[in-house]
Structures are given as C-alpha cells and as structure tokens.
Amino acid sequence: MFKNVIRLQSRLGGVITFCKVCPRHEPFRNAVKYSTASAERKRFYQHVSISQSEGGLYEVNLDRKKLKTPSGKLFTVPNEALAIAVATEWDAQKDSIKFYTMHLTTLCNTALDNPTQRSKEQMISAALKFLETDTICYRVDEPPGLVELQRNEWDPVLHWIESRYKVTIGSSSSILGPQVPEGTRETFRQHLGSFSLWPLTGLEFVITQLKSLVLSLGMLDRHLSVERAVLLSRLEEEYQIRRWGNVEWAHDYDMYELQARTAAGALFVHLSSESSTVKHKLMQD
C-alpha cells in the first residue's frame, strides 16, 4: 500500500493546477453525458488520498471509500502521476462537487468503462477522419486580411508537421478540402498505433477541442503551447473579433474554457503514457 497518504492529503493542492470550467462543446457526446450524468452534488468526503493495489495500479480514496467509475468498476489508473492529478481534482472541490470541471476524472472514467465499446482501431480511424476536415487545412479565399493571416499563422505549422512526419497534407480553399494522400494516412495510422487506449482517449479529446489533428500533434510534440494551439484553432473567430468587436467577458470565458479542456486532454495523454512512478520528491513543496 502507498505509505505517504497523510503527506499527500496536505500537499495535493500544489501538485497540479489548471483552469476548471464548464464544457461548451460535446466532444465525446455519449461519453461526456455518461460521465457527468450528475452535474453537481454536495461534497461528502473530507480527505483525498491515493494508494497502490497489489497489482501495481493506483486507486483514489475519498476518506475510507475507494472511488468507482459510473458503471461501478473500481477506479484504477496505471501510474502514480495520474493518480495524484485525479486526486487533486477531487481535493479541489469545495462545498459541492462540480463534475463538469473534473476533466481528468472524466477521461479516466471513459478509458476504464469505454461506454461506446470502441476498439483501438476504431479510435484511430476516428482520429484520422479529422485530416479530411482539419481546421488549418481549410482556407478562405476572402477577405484578403484573413487569407494572409491564415497563410502566415497556419502555414508554418503545416510545414512543420509535414517535415516532422515526412508526409504531405496541403491546404485548400475548396469546399472539398485538400486531397490527403493515402501514404500520409498510413504514416499517421502507424504513429497513432503506438499509443495505448488511454493516451488515445486523451488525444481524441484534444482533437475534438481543436478540430485539428495537426494542431493536436503539434501540441503533444511540444511544438506548440496550449495557448498557441487554441489561438490557432480559433484564428478566424479571433480575426472577426478584432474586426467587429466582441462581448469581452464572453470571449475571455470562451477562450479560457477551451484552454482548460485542451490542457487537461494533453496532460492526460502525457500522464497516462508515463511508465515510471513519480518520485516522492515531486510531492514536496
């Protein structure tokens, strides 16, 4: 069993921080509805801790009760880092538990229960479909200002991913979009095939936020920051806002909301890919 439960309880707040806000889109339709069936409920626990089972998996404990998934399975995650991050979400809840702010918990529930019962191959195929409608591959041919903005901001990312993966993607202002070569699809299929189901769950979540496989891989490969990836995914909207103005608070809320979901998805990918346990020194301070 995990020996530093008391120390973890007092230091959860410093382990990980990111904005927690209500989701606007429906990225995993069935999965999101399934995972957040109860939007809020009164907080019923005092302490949050993690423990390691005999099988090496990590569990999250609310007082003396083990956390379970919506389908009733024991909530277990593959490593200590992800367990700490999920425990942080639960510890951060105040008088009421706002499930819609707990993106990491929701992603874990989805990976554990797989409510849509999809295989790894089906998830990869779904991700690859975004190449056909990728945000940065669809260009406008007017107004000139937006045409130039898309070229200046999106082309460098497109060139980077083509060079990074040695593929051809291209862009188009046609309603049909660019004709993506089969070789490109196969290259990405093989790359995504190196992911297990858990990281694929997080990657799909990120892709649905950004509406772009290119931007998602750019962020996960650390070529783009979360803020930059989100901004590029909203380029046309930002152009229109600068031109016509906006309701300030609504724009800011929208932006932070998307950043929060995107950051959580990226974090989930990295944490669920982590094979080694977190050293105890990472829990200090």
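**Exercise 1. Determine whether Cys108 is buried or exposed, and how many disulfides the model holds.**

Solution. At a relative accessibility of 0%, Cys108 counts as buried, where buried means under 20% relative accessible area and exposed over 50%, with partly exposed in between (1.4 Å probe, protein chains only). Cys137, at 0% relative accessibility, counts as buried. A disulfide is a pair of cysteine sulfur atoms within 2.5 Å. By this rule, the count is zero disulfides.

The model is predicted: local features need pLDDT of at least 70, side-chain atom pairs count only at pLDDT 80 or more, and totals for chains, interfaces and linings use all residues. Residues are numbered from 1 along each chain as its sequence is written, and side-chain values use heavy atoms, with hydrogens and water left out.

**Exercise 2. Locate Glu89 and state which backbone atom lies 3.1 Å from a polar atom of its side chain.**

Solution. Glu89 belongs to helix α3 (residues 80-92); helices (H or I, at least four residues) and strands (E, at least two) are DSSP runs, numbered from the N terminus. Its relative accessible area is 1%, so Glu89 is buried.

**Exercise 3. Characterise the packing of α8 and α9.**

Solution. Two packed helices are described by the angle between their axes and the distance between the axes. The axes of helix α8 (residues 197-210) and helix α9 (residues 213-220) come within 8 Å and cross at roughly 125°. Therefore α8 is oblique to α9; angles under 35 degrees count as roughly parallel, over 145 as roughly antiparallel, 65 to 115 as roughly perpendicular and the rest as oblique. At this crossing, Leu203, Val206, Ile207 and Leu210 in α8 meet Leu213, Leu215, Ser216, Met219 and Leu220 in α9.

**Exercise 4. State how many helices and strands the protein chain has, and what share of its residues is buried.**

Solution. The protein chain has 12 helices and six strands. Of its 285 residues, 49% count as buried.

Notes
Polar contact = N/O pair within 3.5 Å; in protein donor to acceptor, adjacent residues only side chain to side chain. Axes fitted to C-alpha atoms, helices over the stretch in contact; angles between N-to-C directions. Contact = heavy atoms within 4.5 Å.
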